[in-house]
Amino acid sequence: MVEDALIELEGVGKWWGREQVLRSVDLAVPRGSVTALLGRNGCGKSTLVRIVTGLVARDGGRARVLGRDPAHLGPAERERLAVVSDTSTAWAGTRVRDELALQRRLRGSRWDEARAAELIARFELPVDRRLAALSKGMQARLRLVVGLAADPELLVLDEPALGLDLFARHDLLDAVIETIAREGRAVLVVSHLLDDVERIADRVAFLRHGEVTVAGAVDDLRARFRRARVVLGPGGAPALERAASGLLGVRRVVAEPGDPPGERVVVLDDHSDDLLAALEAEAGVERLEVRRMTLREVYFEVLGGREEVAA
């Protein structure tokens, strides 16, 4: 596992009735990092977040959050943890200022009043309005103020930008960056907004069919995954397919719509100069052009399908 991680999961599983939602999940969130958990709808992301925050018991595996089993987090650990989701348990008749006062009492010495005031002004939060009268976007802003003003050592963001306009999302990202800049902090963020993820995350983990199939630093994944456009040699597509099937690091060969018959795209998931040389030699290709893949392209490649992802 990653050294000095605030979240460590090894082999974590979860069943809902007869359905196994999580299968042997390994995940680490190191100090000083923003780790994004990415996956298609229904893949188990919310269940995993609830296990991490101690709201749901796991059915197997090992888990440590802030140094303790998340099923037994005590008041000391709860003070160091803040969770911002797209829902709230606050009473709708409460005024914003009263909800903030309640959170101030609950958080005690960790509450940063100056930070709260700065975020209230930045998000233009109407402190005298009742929660029921707030728009969805304003409710999301309030949850962010509460989570960030708690000065958490570990911040968990579960779809925090739902309901936020572009300006509020920009402010949210800035606030997350400011949070992680404080020494010893870490952030786990679940989001479908890949543009936002690319701006703030330095690590990503892809959850597919209840397992983390690919994880690591964003820069490492960008270096690892490549798209190679191949101009076929005398052997044509069959020679390329045979060569690709025998080389570790070649993920698949693609005939993309509109491409000339003599061209293919080869997706590499473990790029190296030696692999490219072997591909050229064994397939007899005439020309090979390689480029790095974007996080969005890696998302679709790892998770499969063309699920809509917001920009």
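In this predicted model, the largest nonpolar core holds 57 residues, and those touching the most other members are V34, L38, L100, L142, V187, V204 and F206. Helix α5, spanning residues 136-149, supplies the largest share of this core, with eight residues.

Setting aside neighbours within four places in sequence, V204 is in contact with A36, L38, V197, V214, A215, G216, V218, L221 and L295.

I turn now to a pair of helices. Helix α9, residues 236-245, and helix α10, residues 273-283, have axes that come within 8 Å and cross at roughly 140 degrees. The two helices are therefore oblique to each other, and their crossing is right-handed. On the α9 side the contact is made by A239, L240 and A243, and on the α10 side by L279, E282 and A283. Sorted by class, this contact comprises five nonpolar residues, one charged residue and no polar ones.

Finally, I would draw attention to V83, in strand β5, which covers residues 81-84. Beyond its neighbours within four places in sequence, V83 is in contact with T53 and V156. As for L188, which lies 105 residues from V83 along the chain, the C-alpha atoms of the two residues are separated by 9.5 Å.

Notes. Residues numbered from 1 in each chain as written. Predicted model: local features only at pLDDT ≥ 70, side-chain atom pairs only at ≥ 80, totals over all residues. Heavy atoms only, no water. Helix = DSSP H or I, 4+ residues; strand = E, 2+ residues; numbered from the N terminus. Contact = heavy atoms within 4.5 Å. Axes fitted to C-alpha atoms, helices over the stretch in contact; angles between N-to-C directions. Parallel < 35°, antiparallel > 145°, perpendicular 65-115°, else oblique. Left-handed = near helix turned anticlockwise from the far one by under 90°. Nonpolar A, V, L, I, M, F, W, Y, C, P; charged D, E, K, R; others polar. Core = buried A, V, L, I, M, F, W, Y, C linked by side-chain atoms within 4.5 Å. Buried < 20%, exposed > 50% of the residue type's maximum accessible area, 1.4 Å probe, protein only.
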